[in-house]
Amino acid sequence: VRCAMCDGGSCSEWRGGAPAAETQRTAEAAQAVYDAAVDALEKARNDREEAAAVLAVHQREMEAWDLLSAKEVAALTEQELLLVAVALHDPPDMSQRAGLCTSTLRQCLQETKDAHLAVWERWRKRREVEIGMLVRQLERVEEHKRECTARAEVAHEEARIRHVAVAQVRAWAADGNLCRFLQRCGVQVGDDADRVALQKAYRKMMLRYHPDRMSGKSVEDRVLAEEITKHVTSSLAAIDERAAA
């Protein structure tokens, strides 16, 4: 299991034998939620970058045509000439643009203006609509990114809480003695309790850690109760299996 709390490494607290199988599946599910949230966040970031790039191109194009509409090409400064040429890709090749003298660049832009300004005036509203759509798309992507970030943070916190609970349960169960484990969980039972006594202690434990009893507790307490319940249930099942063998 790849653990979000261990920098993607392999964490022994998330592994175990048969009694820990359910815990491992829960940990894997929590990790899957976290990974899905991170993937969604990365996609949202990429979508935002793509939309922002297209929006920037459209906005530069609008600014360039506004400049050409407001001023004669002959009145443009060298900096304005270069800005308009870059925005309109005229000439298309940047290296060719860089090698042109100012007079030739003015001539290229004048030809572009004469040929396309009337068309641009008709297309301007359409471009304004496209820019508006891109702005709204960016707003939606930003909102989606915030939601993905929140989901990733929640999933990471849930993984951390689960990680701590599993570590606690494994520490309490380290000596392999179910009676002492129940005692550490606050359930009174003798050190050498038989199967009948263990069953009674199990009922007490279930009453204490039942989800309905834990509803008002913190997330940490609820998750720990889940891990305790799973461990005791699995351990009792293993005892019954050995007795039946």
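Predicted model: local features only at pLDDT ≥ 70, side-chain atom pairs only at ≥ 80, totals over all residues.
## How α6 meets α8

Helix α6 covers residues 195-209 and helix α8 covers residues 219-244, and the two pack at an angle of about 160° with their axes 11 Å apart. Angles over 145 degrees count as roughly antiparallel, so α6 is roughly antiparallel to α8.

Which residues of α6 and α8 make the contact? From α6 come Arg195, Leu198, Tyr202, Met205, Met206 and Tyr209. From α8 come Ala225, Ile228, Thr229, Val232, Thr233, Leu236, Ile239 and Asp240. Sorted by class, the contact of α6 with α8 holds 10 nonpolar, two polar and two charged residues.

## How α4 meets α8

Helix α8 also packs with helix α4, which spans residues 102-172. The axes of α4 and α8 come within 9 Å and cross at roughly 45°, which makes α4 oblique to α8. The crossing of α4 past α8 is right-handed.

On the α4 side, the residues that meet α8 are Glu157, Arg160, Ile161, Arg162, Ala165, Val166, Gln168, Val169 and Trp172. Their partners in α8 are Val219, Glu220, Val223, Leu224, Glu226, Glu227, Ile228, Lys230 and His231. By class, this contact of α4 with α8 has nine nonpolar, two polar and seven charged residues.

## The chain as a whole

Stepping back, how many helices and strands does the protein chain have? Its secondary structure comes to eight helices and zero strands, and from the N terminus on the elements run α-α-α-α-α-α-α-α.

Of the 245 residues in the protein chain, 33% count as buried. Among contacts in the protein chain with a separation of 6 or more, 63% are between residues 24 or more positions apart.

## The cysteines

Are Cys179 and Cys185 buried or exposed? Cys179 has a relative accessible area of 7%, and buried means under 20%, so Cys179 is buried. Cys185 is buried as well, at 2% relative accessibility.

A disulfide is a covalent bond between the sulfur atoms of two cysteines. With a pair of cysteine sulfur atoms required to lie within 2.5 Å, the count of disulfides comes to zero.

Technical notes. Residues numbered from 1 in each chain as written. Heavy atoms only, no water. Axes fitted to C-alpha atoms, helices over the stretch in contact; angles between N-to-C directions. Helix = DSSP H or I, 4+ residues; strand = E, 2+ residues; numbered from the N terminus. Parallel < 35°, antiparallel > 145°, perpendicular 65-115°, else oblique. Contact = heavy atoms within 4.5 Å. Nonpolar A, V, L, I, M, F, W, Y, C, P; charged D, E, K, R; others polar. Buried < 20%, exposed > 50% of the residue type's maximum accessible area, 1.4 Å probe, protein only. Left-handed = near helix turned anticlockwise from the far one by under 90°.
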